[in-house]
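Q: Could you take a close look at how the parts of this model touch one another? I would like one connected account, with the cut-offs spelled out.

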Protein chains: 2
Amino acid sequence: MTQFHDEDTLVKEIARHFLPGRGQGLRLGIGDDAALWKPKPGFASILTSDWFLEGSHFLREKHPPESVGWKCLARAASDIAAMGGTPRCFLLNLALPAAISGKWLEEFLAGLRRAAKSLDCVLAGGDTTRSQRILISVTVIGEIREGQEVRRSGASPGDLVYVSGTLGEAEHGLQLFRKGRGKVSPKNLALRKHLYPEPRVALGRWLAERKLATAMMDVSDGLSSDLPRLCAASGVGALLDPAKLPLPDGADRESARHLALHGGDDYELLFTVAPRNLASLSAKFRKLRLTQVGKLTRELGVRILGIDGKPEPLRVAGWDPFRLRNK
Amino acid sequence: MTQFHDEDTLVKEIARHFLPGRGQGLRLGIGDDAALWKPKPGFASILTSDWFLEGSHFLREKHPPESVGWKCLARAASDIAAMGGTPRCFLLNLALPAAISGKWLEEFLAGLRRAAKSLDCVLAGGDTTRSQRILISVTVIGEIREGQEVRRSGASPGDLVYVSGTLGEAEHGLQLFRKGRGKVSPKNLALRKHLYPEPRVALGRWLAERKLATAMMDVSDGLSSDLPRLCAASGVGALLDPAKLPLPDGADRESARHLALHGGDDYELLFTVAPRNLASLSAKFRKLRLTQVGKLTRELGVRILGIDGKPEPLRVAGWDPFRLRNK
């Protein structure tokens with residue numbers, strides 16, 4: 001494509017990548033004042049919106065535009081998965097500097113289209129404008145059968161705490177990425193997880209349909225930041241066993257544990273299971289590992305077993321954009 | 001309020017302004033991974049998302065924070081009105097520089113809350129982060145009875161072109177604003193329209209319910225930019241009569257006409273009416289003026305009657321963020 005000179009041309013270029021852009025409940029997509037959407041009968045809509053900003057969430061000169069396109073949608077869709085729902089369509093708000101080339105946009109849209117196809121989530125609309133930095137805001141609309149959603153607030157003392165996949169892998173990938181892309185194979189799993197995270201939609205839906213999770217959320221800021229949020233919503237505490245954490249490969253044991261507790265951007269699911277339902281869970285969902293990492297307690301606060309086997313308070317040290325990282 | 005030091009505190013501060021934040025189809029609001037929403041039976045959802053960025057859409061040092069809060073929601077809600085729908089809930093993505101004070105945020109939220117109350121549109125969720133400039137992205141979810149939505153594409157040759165209110169008034173207000181706030185009464189209508197535009201929800205709904213409009217959109221970039229979009233979607237042309245344009249008060253005749261054709265930010269409704277339905281329209285809807293400004297033609301392109309009474313092509317010179325303004 002060539003450079004875009006006005007908003008209508010840019011919108012047409014975006015739409016061209018995503019045509020026909022219908023189906024899955026979307027009645028009217030790009031091209032009007034707004035989109036029209038209706039979920040299947042008996043289903044409700046799930047709504048979530050996420051920032052993805054140059055300088056905060058990605059670096060223009062470092063991150064492949066395909067990764068920016070993929071990740072801006074994947075991480076927003078992860079919030080739909082965290083309710084047990086299915087992503088259906090999305091709105092893309094995109095602000096671009098004048099210096100951005102058609103090539104960057106082309107590659108960004110290719111990554112976004114791959115994510116949209118992989119998630120079966122169609123572009124429904126959005127807004128475009130100019131800005132000094134690349135700014136992205138993605139709204140994903142999903143659906144879930146009424147009453148089947150899994151909230152953060154449903155857990156009880158005695159429930160077991162589970163996570164999917166491995167924790168800290170994306171942060172490990174970010175560390176490798178910082179050391180220089182040329183030195184790390186693009187097939188490296190941690191690097192791939194940093195660049196192309198996969199929201200756990202199938203797992204979330206399976207847990208919701210079978211009512212196996214009492215509470216659920218995605219791990220986006222890191223376990224030490226996110227587990228206290230689930231506990232606060234449910235009015236419970238938690239005790240973690242560090243020996244059980246599903247650690248990332250390729251990091252030494254001490255940093256792997258740190259990554260698993262505090263690393264962000266994993267987009268794994270954190271969920272709680274009542275003891276009566278344990279028999280319905282196995283160690284894997286399809287090829288995805290499921291690991292019990294602790295249990296919920298009546299005593300508030302999140303604690304972790306120390307070297308001496310005694311519980312100690314877990315330091316909150318995950319990602320918070322309003323705070324310097326405290327690691 | 002005091003300064004916010006982490007994301008959870010900021011989110012709580014925002015939520016505090018909007019509690020209880022339920023009702024109107026919103027089943028689950030702020031505080032979980034995503035919101036749950038379901039319109040009334042027989043209704044579909046309308047989705048729209050809009051940028052509102054410091055430097056592009058407002059100036060941090062010049063615009064009152066209340067106006068920023070009001071306008072970011074009002075302009076997005078205008079897209080719902082333009083389909084004939086009713087705004088119900090919204091997602092707020094807000095990125096703030098470290099230098100922003102609690103006072104700015106307090107006033108911003110007060111303006112946003114006023115708009116939300118005025119529109120009966122509740123806060124359902126969103127995302128917050130840090131950035132160098134104030135960045136706002138608002139997604140509004142509305143509802144409309146199935147099949148009642150008014151698209152841009154339904155107009156036919158011979159339909160009459162109408163606009164609500166006056167055109168160019170917000171742009172005139174912007175000009176007054178630039179000259180200095182101290183010199184213009186805050187009660188000045190044009191200034192108020194620039195700072196606190198009112199989406200035409202009641203009119204849009206009335207036109208949709210009675211099936212009086214064959215096509216509709218809102219005038220956000222200016223008539224000379226927006227009317228060609230409606231015409232293109234409907235596969236028709238238009239002929240405007242400049243003598244009929246509802247001009248803003250307080251500007252001389254020549255600049256008033258220029259403002260009415262090319263001024264942006266009015267958020268009035270532009271709609272087309274079949275001749276058989278003209279009898280159902282009067283010159284006012286409640287207190288809002290409705291003006292016939294032209295008619296649709298089989299010949300493509302938008303033309304305007306010249307001084308000699310002959311049609312000439314209308315220059316497109318409304319707001320386009322990707323183009324220098326051509327006025």
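A: **Domains and chains in contact**

The centres of domain 1 of chain A and domain 2 of chain A, taken over C-alpha atoms, are separated by 26 Å. These domains span 7–145 for domain 1 and 160–313 for domain 2, with bounds that come from an automatic or database domain assignment. Their contact takes 16 residues from domain 1 of chain A and 17 residues from domain 2 of chain A, where contact means that C-beta atoms, placed from the backbone, lie within 7 Å.

A word on conventions: this is a predicted model, in which local features need pLDDT of at least 70 and side-chain atom pairs count only at pLDDT 80 or more, while totals for chains, interfaces and linings use all residues. Residues are numbered from 1 along each chain as its sequence is written, and chains are lettered from A and ligands numbered from 1 in the order in which they are written.

On the side of domain 1 of chain A that touches domain 2 of chain A, helix 2 (65–81) and strand 4 (86–96) of chain A each supply at least two residues. Helix 2 of chain A gives the largest share of that side, nine residues. Helices (H or I, at least four residues) and strands (E, at least two) are DSSP runs, numbered from the N terminus.

Now to the two chains: 53 residues of chain B are in contact with 53 residues of chain A. Strand 3 (residues 43–53) of chain B brings the largest share of chain B's side, nine residues.
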